[in-house]
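This briefing goes through one protein chain by topic.

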Amino acid sequence: MKMLEYANHIIQTIEGAGGEAYIVGGAVRDMLLKRDPGDYDLATSLLPEEVMQLFPIVIPTGLEHGTVTVVLDHMPFEITTFRSETTYSDRRRPDAVTLGVSLEEDLTRRDFTINAMALKPTGLVDLFGGQDDLASKIVRTVGRAEDRFNEDALRMIRAFRFMSQLEFTLDPQTEQAITNQKHHLQSVAVERIAMEFEKLLLGPGRKTALQVMLRTGIYADMPGLDDTILNQLISLDLNGVSSDNVWTLVLVAGLRPEALRVFKRSKKQEGRAKTLAPLVQEQTLSDWQRYRLSDEELEHLNHMTGRRHEGRTSLPIRRLQDLTVNGRDMIELGLQKKQIKEALHHLERQVVDGRLENQREILLKEVMSWKNQHGTESSMH
Ligand code: ATP
Ligand code: MG
C-alpha cells in the first residue's frame, strides 16, 4: 500500500472507533498542488490515549501537545488531537494548548490559508479560502496578519519560506504586518529561524522571497544579516546547494563566520561552510587545497559551483597515512613528541606539492635535515 492509502486507513480506523480524523497541513496543500507530500500528518478528535489503543505500533512522540506517531509498514504518521493554542505571551510558543476542541478551532490556529485545510476520503474542509490562494499562488495568514504574527513571530519567516518553496507571492496585508512587526522576530529561538531560513534558501523561489524580505527589512532582526548579504544571496547562482552546504552560500554572501555560530547549526554544516566558502570563488584549486578537502567536500564544491576540479585520486597522497613514513619513524629519528606532528605536516606538504617523492628513503632524509634546521631554531630561542 502507498502512504496515502495508509493515511486513509488510519482515518477509517478512527472513524470506526467513533472519532473524526483528517489529513491536515502541508500534505493537503501538496496534494492539491499535485506534489508528492513527504509525509502525511493527521488531526483527530480522539485523545492520544484513545489513538494509542487503536494501532499496534504507536510512539508517544509529543504527548504534551497531543501528538502520537503511528507506524504502519515502517512508515510514520503523526496524529495530533485537535487543539487550540491560547495566550502567546512571549510570541514564541503557546502558553497552553487545549486538546479536544473542534476541527474548526484546530484549523483556525494554523498559520496560512494554504496550510489550514483538512482532507478525508469523503471531502475537503477549506474554511479560509485555501484553495483560492493556492490557485492564485498567494501566501496569506489565517485571519488578521498582525494578530497571527503577534502570537508567533516565526510565522513571518515561514511566510518567506513558503513563498520560496512554492514560488508564491505574499499577500500585501501580510507583508505590511511583517514590515510593522518585524522586530518581534528577536524573541524567537534562533534555531527555529535558521531552520526556516534554510528551507527558504533551498527553494526555487528564493530570489523573489529574499527580495520581499529586503523590502520589509526583516533581515535586520536576524543575527549577522544585512542588506548587502541579502543582495549577494539574491545574485549568487550556486546550483547544487543542498541542506548540507546551504550555509556555505550564506558565508559566500558575506555572513561573518563568527555569526554563523549564532545560528547553532550542526557541526557538519558549520564545518563544511567554513571550509568551502573560501574556495567557492576560486577558478582553480592548488593540489594542497584539494588535499585538504574530503572527497565529499570536493564533490559538493564541484556541484555547487559547476566547476570540474579534478578528483583527489590524482594527488600523490590522499591522507597522512599514505606517507611512506609515520610517527614511529619520527621517534626513532629522535624527534621530540611535539615536533612529530609538525614534521609529518611538513612532509605531507612537500609530497602533495610535488617537491618530494613519497619514497621512504627520501622522506627520512628530509626529516633529518628538517630536524637539524628545526633543532637550530629552537636552541636559539
Ligand atoms: P513541510 O512540507 O515543509 O513540512 P508543512 O506545511 O508540513 O511543510 P510544518 O512546519 O511541518 O510545515 O508544519 C505542519 C503544519 O502545522 C503547517 O502546515 C501548519 O498548518 C501548522 N504550523 C506549523 N508551524 C506553525 C506555526 N508556527 N504557526 C501556525 N501553524 C503552524
Ligand atoms: Mg511538515
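**Overview**

The protein contains 19 helices and 11 strands. The model is predicted. Its radius of gyration is 28 Å, whereas a compact globule of 381 residues would have one near 21 Å.

**Dimensions and contacts**

- The C-alpha trace of the protein spans about 85 × 50 × 40 Å along its principal axes.
- Of the contacts between residues at least 6 apart in sequence, 61% join residues at least 24 apart.

**Burial and surface**

- Of the 381 residues in the protein, 50% are buried.
- The protein has an accessible surface of about 18900 Å².
- Carbon and sulfur atoms account for 48% of that accessible surface.

**Charge**

- The protein carries 48 positive and 56 negative charges.
- The mean position of the positive charges and that of the negative charges lie 5 Å apart.

**Glu85**

- Glu85 is placed in strand E6, which covers residues 83-86.
- Glu85 has a relative accessibility of 17% and therefore counts as buried, the cut-off being under 20%.
- The side chain of Glu85 makes a polar contact of 2.8 Å with the side chain of Arg83.

Note on methods:
Residues are numbered from 1 along each chain as its sequence is written. Chains are lettered from A and ligands numbered from 1 in the order in which they are written. This is a predicted model: local features need pLDDT of at least 70, side-chain atom pairs count only at pLDDT 80 or more; totals for chains, interfaces and linings use all residues. Side-chain values use heavy atoms; hydrogens and water are left out. Helices (H or I, at least four residues) and strands (E, at least two) are DSSP runs, numbered from the N terminus. The radius of gyration is taken over C-alpha atoms; the globule rule is 2.2 Å times the number of residues to the power 0.38. Buried means under 20% relative accessible area, exposed over 50%, partly exposed in between (1.4 Å probe, protein chains only). Contact means heavy atoms within 4.5 Å. Accessible areas come from the Shrake-Rupley method with a 1.4 Å probe; for residues, only the protein chains shown count as cover. Lys and Arg count as positive and Asp and Glu as negative; His and the chain ends are not counted. The place of a charge is taken as NZ of Lys, CZ of Arg, CG of Asp or CD of Glu. A polar contact is a pair of N or O atoms within 3.5 Å; within protein, one must be able to donate a hydrogen and the other to accept it, and residues adjacent in sequence count only if both atoms are side-chain atoms.
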